[in-house]
Amino acid sequence: MAKSENNPAIGILGGTFDPVHFGHLRTGLDIVEQLGLAQLRLIPCAIPPHRIMPVASASERRLMLELAIKNHPKLEVDDRELSREGPSYTVDTLLSLRDDYPHNPLFVLMGTDAFCDLSSWSRWQQILELSHIVVMQRPDEDLRLDSELAEWYQQNQAKEADKALPSGKIWSLPVTQMAISATTIRDKLNQQRDVRYLLPDAVIALMEQLNLYQPDTAGN
């Protein structure tokens, strides 16, 4: 596999971001710093294959993301999944990104729960052909993998020198422990409770302006 020393490394963090919160942003920055990424692209999905449909619309979720990261030079919103029909499969997004960045190291960020369930994803083994995988591991989390995934993980574990490769390795890196979830935030808002310090103030202000996640509209 050819190295790509002269091409900036790009991180990819997907999700519904319904709404975006500090758990997304802080853990993403942890990985940016540890791997020296030039950029982290936050990609809101249109139709999540493994979750219920988002409560907020695509345009609302994109705007919340833009407000949340507007002051950080290494974070960027990428809305390519919102303009694509059908389920938002990671492998399709990576194929699209590879058209744009054929030689750059790409790093797909995911939590431990997502990684442990990776074998249920569409064309999951193709992901390493297109990118690296970064498992964001909080201090209280263990990787409990089935035998097939455990073997695949062991075979492809990364070393420091692998950062320059465009794809093909799995990194397991520690991140700040923040027990925040979008579901919890929506539930608090549904109960008319205060969500300050769980997500950026600019996002809270927009949610109030658009009347998002209020008792008459909030999902579970």
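## Helix α7 and its cover

Among what covers the buried residues of α7 is α8, where contact means heavy atoms within 4.5 Å. The model is predicted, so local features need pLDDT of at least 70 and side-chain atom pairs count only at pLDDT 80 or more, while totals for chains, interfaces and linings use all residues. Residues are numbered from 1 along each chain as its sequence is written, and side-chain values use heavy atoms, with hydrogens and water left out.

The buried residues of α7 are Ala182, Ile185, Arg186, Lys188 and Leu189, buried being under 20% relative accessible area with a 1.4 Å probe and protein chains only. They lie on the same side of α7 because they cover an arc of only 160° around the axis, taken from the directions from the helix axis to the C-beta atoms. Just after α7, Gln192 takes a positive phi of about 60°.

## The second largest pocket

Gln192 also lines the second largest pocket, as do Leu189 and Arg193, among others. A pocket is an open set of points on a 1 Å grid over the protein atoms alone, where a 1.4 Å probe fits, with protein on both sides within 12 Å along at least five of seven lines, and lining residues have an atom within 4 Å of a point. This pocket has a volume of about 160 Å³, and helix α8 (residues 201-210) gives the largest share of its lining, three residues.

## The largest pocket

The largest pocket has a volume of about 1400 Å³. Its lining has 49 residues, with Gly14, Gly15, Arg51, Gly111 and Ala114 nearest its centre. Elements that give two or more residues to this lining include β1 (10-15) and α7 (182-190).

Key:
Points joined across faces, edges and corners; volume = space filled by probe spheres on them. Helix = DSSP H or I, 4+ residues; strand = E, 2+ residues; numbered from the N terminus. Buried < 20%, exposed > 50% of the residue type's maximum accessible area, 1.4 Å probe, protein only.
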